[in-house]
Each structure stands twice: as C-alpha cells, then as structure tokens.
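Please open the model in your viewer and keep the selection panel at hand. The stops below say what to select next and what is there.

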Amino acid sequence: MNIDDWKSQIKRGTLEFCILLLIKQESSYGYEIISTLDKYPIIAAKENTIYPLLRRLLKEGYISSSWREGTEGLPPRKYYSLTDNGEEYLAAMSVEWENLLNAINEIKGE
Amino acid sequence: MIMEKELNDYLENMEKYLKPIPVSERIDIINEIKSEMQELQRNGVTTEAIIDRLGNPKDLAKAYLGDLISKESGFSWNRFLMACAFYSLVGFSGMVVIPCLGVIAPTFIVCGIAAPILGAVKLIDYIFTLNIPYVENIGIFLGGIVEFNPIVEFIISLIVGILIYWAGRGAWKLLVLYCKKISKTASKLSI
C-alpha cells in the first residue's frame, strides 16, 4: 500500500486552491503562508514548492504583490493579495471542489 | 539586522543559478528568501537550521527555473502560426517602412535646417556686399525663368525649411512609434 504517493498527488492538486483561500482571507507573505500550511500535514509544503507556485500565480494575474517595509526589527515582507481575476478563479475552483465532495459523498452512499 | 556570512553565501549561490531569470525578478526572488531568513533568525532559528530548512541553494533556484522551462516549452500551433503571421507582416512592412522613414527623417531634418541657413548667408552677402565665394551657387533656381531677390529667397527658404524640418520630425516620430508597436506586440505574443 503506497498511501504517500496518493497523498502527494492530492497535495499537488489542491495546494493552489489552499493558497488562494488563505490569501483571500487576508493578505499574507511567503513565510506566513508556509507556516500556516505547516499546521496541516496533508497540505504542508516547503519553500521550494510554495515560492515558485506563488510566482506562477503572480504571473498568471491571480494574485498581486507588494513589499512592505519592516518596522521595529521586522524584515521587509512581500505581501500577496488576491486580484479580481483571482477571485473569479477561486470561485470557479470552489464550485468544482463542491462537485467533487458531493460526488464522493454520493458514491459512498451517505 | 545582521546577516551571517553563511546566509549571504547561500543567497549569492542561489543567485548564480537563477541567471536565466531577468535581473529585476531575480533580485525580487533573492529578497524574498532573504526576508524569510531574517524572519527565521528573529524567531531564534540557528543559521544551520535555516539552511537546512531551505535546502540546497541550487535545488531551491532550480525550483523557480522548473516553472520557467515548463512554461516556455509549451508548444501550440496557434502560437506558432501567430508568430509566423506576425514576422511575415513585420518583415514585409519593415522592408519598406524602416528604410524609407530611416532615410527621410535625418535628411529632411538636416535639409530643413540647412536651407534657411544658406538663405541667410546669401542674404547677408547681399546686404553687406561681402562677395563670399560660391554664394552665386546658392539660391532658388527655376531654370532662369524667374529670378528672386535674396530677401524673398530667404523668406521662401525659411518657410520651406520649417516645412521640411517638421516633415522630417514627423517621419522620425512615425519610425519610433512603428518600432515601439512591433516590440510591444512581440512581447505580448511572447515570441
């Protein structure tokens, strides 16, 4: 039984969704996003996954970024926020996610 | 905040592997990683633990590049045909537009400036009777049918000069506009 392989596939398919959901809640920066995801082993990911993913979402126009100067010993942080395009994308993803959950529930017979 | 040598080395190393990415983006990537390093330092994470967490600088850099490669190698017929159409059009129009405007713009500008200056030289020669050599070759010649007074010639050369100068400037602006438009379209098509 190789559950790890399946788990990594789930992670790959849902990480983008989770990051956009996080950013929608509140503008956030890379380290904070990684730390939040870290609380949930199923979607926890390292820097070498999250940063390139953020960069791709940025290039595709789903999120925007802005540097905020650090005060009182805090380093400057690059904050990401959801764009209108991102909102739309996220809404469409949410619909599909609901479809998936409904399908699974129905097949399970619940 | 003090950056330890190991962390600076890490960033420099990473930057080396990010070479295929444009400078401005590269700096942004490095700054973002640097920001996380400082964040971790502030939380009391040791230098070794930070480096351990981020992994090999080469691998981290490659993760960014991976995205770049997979995006650019994506081949589509649509994009290919668009590129063909674009370059055919640019090639043909460029063959005519660029050399024409490129020749017209500077010569018209130079002539536009030269005409009134020469007219002025003749006018000064006429007023002060200086007998400057070769001045008899300057003037408006209509095959000997009409001969103008140097004052009239100067006024005509001034008007014509201004008109030619503006035409030259116009041609130059068109040329710049044309080139800008092409490079903008090319980058939009990302070809």
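At what angle do helix H2 (residues 30-38) of chain A and helix H3 (residues 47-59) of chain A pack, and how far apart are their axes? Before selecting them, note that this is a predicted model, in which local features need pLDDT of at least 70 and side-chain atom pairs count only at pLDDT 80 or more, while totals for chains, interfaces and linings use all residues. Residues are numbered from 1 along each chain as its sequence is written, and chains are lettered from A and ligands numbered from 1 in the order in which they are written.

**The helix pair in chain A**

Select H2(A) and H3(A): the two pack at about 125°, with their axes 10 Å apart. Here axes are lines fitted to C-alpha atoms, for helices over the stretch in contact, and angles run from 0 to 180 degrees between N-to-C directions; helices (H or I, at least four residues) and strands (E, at least two) are DSSP runs, numbered from the N terminus. H2(A) and H3(A) are therefore oblique to each other, given that angles under 35 degrees count as roughly parallel, over 145 as roughly antiparallel, 65 to 115 as roughly perpendicular and the rest as oblique. Now show A:Gly30, A:Ile33 and A:Ile34 of H2(A), which meet A:Glu47, A:Ile50, A:Tyr51 and A:Leu54 of H3(A), two residues being in contact if their C-beta atoms, placed from the backbone, lie within 7 Å.

**The nonpolar cores**

Next, select A:Leu20, A:Ile23, A:Tyr62, A:Ile63 and A:Tyr80, the residues with the most contacts inside the largest nonpolar core, which has 16 residues. Such a core is a set of buried Ala, Val, Leu, Ile, Met, Phe, Trp, Tyr and Cys residues joined through C-beta atoms within 7 Å, and buried means that 20 or more other C-beta atoms lie within 10 Å of a residue's own. Helix H1 (3-25), H2, H3 and E3 of chain A each give two or more residues to this core, and H2(A) gives the most, with four. Centre on A:Tyr80, and leave aside residues up to four places away in sequence: among its contacts are A:Ile23, A:Ser27, A:Leu54 and A:Ile63.

A second, separate core of 12 residues includes B:Tyr10, B:Ile50, B:Ala61 and B:Tyr64.

**Chain B**

Of its 191 residues, 17% are buried.
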